[in-house]
Amino acid sequence: MINLKTTLKNKKNLFIVPVIMFLTLFIVSTGVSASSDNTVKIAHSSWIGFYPLDLAEEKGFFKDYGVNVQIKDIESKSDSKSALAAGKIQGIATSLDTNVLSAASGLKIQNVLALDTSTGADGLVGKKSIKNFKNLKGKTVALDTTGGASYFWFNYMLQKNNMKLSDIKVESMDSGAAGSAFVAGKVDAAMTWQPWLSKAKATKNGHVVMSSKSSPGIIVDTLGLSTSFIKKHPEQVKGIIKGWYKALAYMKSDPKDAYKIMSKKAGITASKLKNEMTTQIKLYDKKGNKKYFGTKKNKGNIYKISKVASNLWYTSKISDKKANINKVTNPKFVNAIK
């Protein structure tokens, strides 16, 4: 702090005072400060597998490991990609295939942590006359065509059933809106997620045609961090991962408080969120991450699914390049944490 009484006695310092005051006002007005510079911003959409990140922020688990993390809600995949490219955020929690697609398009991003895999929380809902995926031919389907787990899985199923996107009348909208459109009777089917699967089942003429339970390991969510951030702040990367692990441990040690906090973000009751998170997704802890990533010599399933995603985006002409799987996958940090 400047002692103005002492400073004013020295004429040489009279110039310094207004300069410092100006700089202080400038810093405040522009929002530039040491604390904001050290804040790591991570974006995610409203998916149940991401809420442990919010829990870690709320409980200060990231700070326990020396990282000041701010979780931001960004639903649009294109918006989160643009924000990362512009340096406005440092990480994106999204589906593995989305980060692979982003890397193929030139975004400098690396998957450093597996968050969850869907074991029933994603699905295709449709009219009861639609018995299987092949019955979608000629039908109107609500689908998020901007990328993401639903679109990846849908294209995966198209290839598996020797079908093309042109076989179907697609109405593009995000997965939440897709579920809403089906429940409102505006489309024949929709690729969506919870809670819209349950809502579709509750309708008179709707049912779940298939869920991610039938395709284990295909829909996986990861934390992707910008390559430049990883290079500059490796210890913070470790801190973020440790904060995630601590959140998962807290969910077991004090589930009542944990689900109460996360349910506020989810906008549903704590009991309903707990039921969905414990039965329809699998969260990756330290042991799960080590197995999923593997090592450079013994690569885990993340490399396999990343390759499937890269090839699928390329063959379906969504991407004009294939991603370098070894560059977009970084097993260094999950393996360094004992």
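1. Leaving aside neighbours within four places in sequence, which residues is leucine 136 in contact with? Keep in mind that this is a predicted model. The contacts of leucine 136 are Leu124, Ile130, Val141, Phe154, Asp167, Ile168 and Ala189.

2. Stepping back to the core: the largest nonpolar core has 82 residues, and Leu136 is among those touching the most other members, together with Leu113, Phe133, Phe154 and Ile240. Helix H11 (residues 234–253) supplies the largest share of this core, 9 residues. There is also a second, separate core of 9 residues, including Val125, Ala178, Val187 and Ala190.

3. Now for the sheet. It is open, with 5 strands in the order S7-S6-S8-S5-S9 and mixed pairing. S7 and strand S9 (206–211) sit at the edges, each pairing on one side only. From one strand to the next, the twist averages 30°.

4. Have a look at strand S6 (residues 140–143), which pairs in the parallel sense with strand S7 (residues 169–172) over 4 bridges. Here valine 141 has valine 170 of S7 as its bridge partner. Between S6 and S7 the chain passes through helix H7 (residues 149–160), giving a right-handed β-α-β crossover.

5. S6 also runs parallel to strand S8 (residues 189–193), joined to it by 2 bridges.

6. Finally, helix H8 (residues 175–183) lies across strand S5 (122–127), S6, S8 and S9. Its direction is at about 135° to S8.

Note on methods
Residues are numbered from 1 along each chain as its sequence is written. This is a predicted model: local features need pLDDT of at least 70, side-chain atom pairs count only at pLDDT 80 or more; totals for chains, interfaces and linings use all residues. Side-chain values use heavy atoms; hydrogens and water are left out. A nonpolar core is a set of buried Ala, Val, Leu, Ile, Met, Phe, Trp, Tyr and Cys residues joined through side-chain atoms within 4.5 Å. Buried means under 20% relative accessible area, exposed over 50%, partly exposed in between (1.4 Å probe, protein chains only). Contact means heavy atoms within 4.5 Å. Two strands pair if DSSP finds at least two bridges between them. A crossover is right-handed if, with the strands pointing away from the viewer, the path from the first strand over the helix to the second runs clockwise. Axes are lines fitted to C-alpha atoms, for helices over the stretch in contact, and angles run from 0 to 180 degrees between N-to-C directions.
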